[in-house]
Amino acid sequence: MNSTNGSRLAPQYEVVIIGAGLGGIGAGVALRKVGVEDFLIIDKWGKVGGTWFANTYPGVAVDVPSPVYNFSFQQRSNWSRFFAPGHEIQRYAEEVVDKQGLRDKLRLDCGCEKGVFDERNDMWRITTEYGDEITARFVIGAVGGLESPQNPDIDGIDDYTGKIVHSARWDHDYDYRGQRIAVIGTGATGLQLIPELAKKAAQLTVYQRRAIWIGPKPDFRMGPGLNAVLNFPPLQSTVRLVGNIGVNAGLGAGLALSNYPRLTSAAISVGEAALKGYLFSQVRDPGLRRKLTPDYRLGCKRPSVSNNYFQAFTRPNVDLNTTPIERFTPHGIVTADGAERRFDMVVCATGFKVMEKGATPPYPVIGRGGRELGEFWDRNRYQAYQGVSVPGFPNSFLIIGPYAYAPGSYIPLIESTTAHAARVIAEARRRGATCVEVRQEPHDRYFARMDRRAKNTHLFSQGCAASNTYYINYQGDGAAFRPSTQLEMYWENRHFPLDDYRYSTSVASEEEAAYSTSFSLFSQS
């Protein structure tokens with residue numbers, strides 16, 4: 001840290017990006033596009049990739065087509081499958097880092113413990129897990145939404161003496177072959193994990209609170225010929241564009257069409273009929289089929305695709321238990337009917353904390369006047385301008401903030417919000433400003449628009465709150481998604497009025513300027 005005259009402190013970096021997943025990597029590329037080179041990317045993990053490095057459970061794979069799941073500035077066609085396994089996405093992250101020249105910008109094994117805004121010097125002080133401090137003029141929070149594992153709140157869980165693991169922290173040293181295994185949770189992770197465990201477990205018991213809507217997965221091997229065809233740039237870009245439109249329509253159409261509730265309801269009914277037909281084709285036992293049929297509307301939760309999930313429950317070594325769990329014992333699990341089942345291993349496929357206090361972000365962020373971001377959101381509801389900026393937290397940007405994500409592939413979201421942050425930083429440079437902060441009025445206008453739209457979607461009109469969806473948080477808000485098309489998300493993050501932000505110079509800088517002016521006048525006299 002440098003001092004120019006004893007009063008003004010200069011930060012070590014112009015920008016620090018917290019997180020080296022695809023969001024942090026995308027932020028680095030966006031900064032480069034606007035001419036910012038003085039930045040650092042930090043991450044608690046030892047490799048890049050974020051959730052794709054952390055999540056290595058059996059069967060982990062991307063749930064949107066691989067040709068869609070890549071950046072527009074570095075499209076990739078060499079995939080083993082149409083829905084690539086997780087390790088290939090992590091490898092793609094490494095490829096982007098190398099091709100974009102970001103390797104020397106990384107500081108891995110360096111987690112953030114706290115961020116504090118220094119109001120006098122208009123910079124952020126970031127405390128790492130090792131207790132040292134990194135300072136930066138601007139901070140981009142690129143910690144993904146799937147970061148903090150959600151462990152089940154069940155009595156006696158600490159008394160259990162067998163092997164217990166969360167799917168997001170898989171233990172590859174443990175041999176689960178031939179074991180009695182319990183899986184708690186049947187969400188997006190469970191549907192990938194359960195068929196793989198079923199192949200090797202002596203007995204697999206799945207505890208289901210809510211069934212999940214599932215469609216067929218058009219997955220297949222991507223051989224050399226198909227990869228070569230898709231490597232033709234015009235075709236590659238066309239496939240990516242059409243694929244993104246299709247994924248956005250499949251995952252977020254009901255949210256985007258919030259002003260047309262009758263049309264949305266009719267489309268949902270058609271989708272439910274089709275998915276029930278698919279379930280019937282996979283499971284002929286009516287009792288099992290009833291258990292696997294969701295009791296909430298399609299779209300309340302993110303729907304998924306699988307070709308082997310339903311079939312796993314037809315295996316003789318797999319049992320689907322829908323009786324609520326009452327407690328753990330040292331050797332197993334007791335359900336509400338009093339039955340105890342003993343297990344060698346319990347897998348918690350219980351997802352992540354999304355838009356929850358203490359988890360978004362997973363470290364304290366202290367802005368102007370000592371205001372802590374998590375506390376602010378807890379008291380005032382989750383909100384952020386375009387999902388990126390919050391008043392009272394200058395020089396700070398989010399990649400996946402409240403009302404940022406229009407459902408679909410995460411890549412268009414990353415490219416949209418990183419472009420937003422880079423655009424503001426570039427404008428601050430142009431104006432010679434050391435502080436930039438979103439104005440209250442445009443922020444509040446955006447929040448009101450998103451809240452109104454969200455409350456008009458099927459999530460709030462058709463009983464989705466009871467489905468335990470992460471789309472609706474503990475405050476009763478739909479802050480985890482942006483009720484719009486991805487096209488609107490893309491456009492607004494690149495074309496918002498730059499004067500929606502306030503640009504200023506630090507107190508210390510003003511004092512220095514006044515000192516310089518006074519000295520100049522004294523010399524002339």
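**Cavities and a disulfide**

Guide: Gladly! The largest cavity holds about 430 Å³ of space. The model is predicted, so local features need pLDDT of at least 70 and side-chain atom pairs pLDDT 80 or more, while totals for chains, interfaces and linings use all residues. Residues are numbered from 1 along each chain as its sequence is written, and side-chain values use heavy atoms, leaving out hydrogens and water.

Visitor: What makes a space a cavity?

Guide: On a 1 Å grid over the protein atoms alone, a cavity is a set of points where a 1.4 Å probe fits but cannot get out, and lining residues have an atom within 4 Å of a point. Points are joined across faces, edges and corners, and the volume is the space filled by probe spheres set on them. The structure holds 6 cavities of 30 Å³ or more.

Visitor: Which residues lie nearest the centre of the largest cavity?

Guide: Val143, Thr360, Pro361, Leu398 and Ile400, out of a lining of 37 residues. The largest share, 3 residues, comes from strand E20; helices (H or I, at least four residues) and strands (E, at least two) are DSSP runs, numbered from the N terminus.

Visitor: How do the residues of that lining divide into nonpolar, polar and charged?

Guide: There are 27 nonpolar, 8 polar and 2 charged. Ala, Val, Leu, Ile, Met, Phe, Trp, Tyr, Cys and Pro count as nonpolar, Asp, Glu, Lys and Arg as charged, and the others, Gly among them, as polar.

Visitor: Why is the link of Cys300 and Cys464 called a disulfide?

Guide: The label needs a pair of cysteine sulfur atoms within 2.5 Å. Those of Cys300 and Cys464 are 1.8 Å apart, so the pair qualifies. With -70° about the S-S bond, the link of Cys300 and Cys464 is left-handed. Cys300 lies in the loop between helix H8 (286-291) and strand E13 (304-305), and Cys464 in the loop between helix H13 (458-461) and helix H14 (486-495), so the pair ties together parts that are 164 residues apart in sequence.

Visitor: Is Cys300 buried or exposed, and how do you know?

Guide: Buried means under 20% relative accessible area, exposed over 50%, and partly exposed in between (1.4 Å probe, protein chains only). Cys300 has 0%, so Cys300 is buried. Cys464 is buried too, at 0%, and Cys110 is buried at 4%.

Notes:
On a 1 Å grid over the protein atoms alone, a cavity is a set of points where a 1.4 Å probe fits but cannot get out, and a pocket is an open set with protein on both sides within 12 Å along at least five of seven lines; lining residues have an atom within 4 Å of a point.
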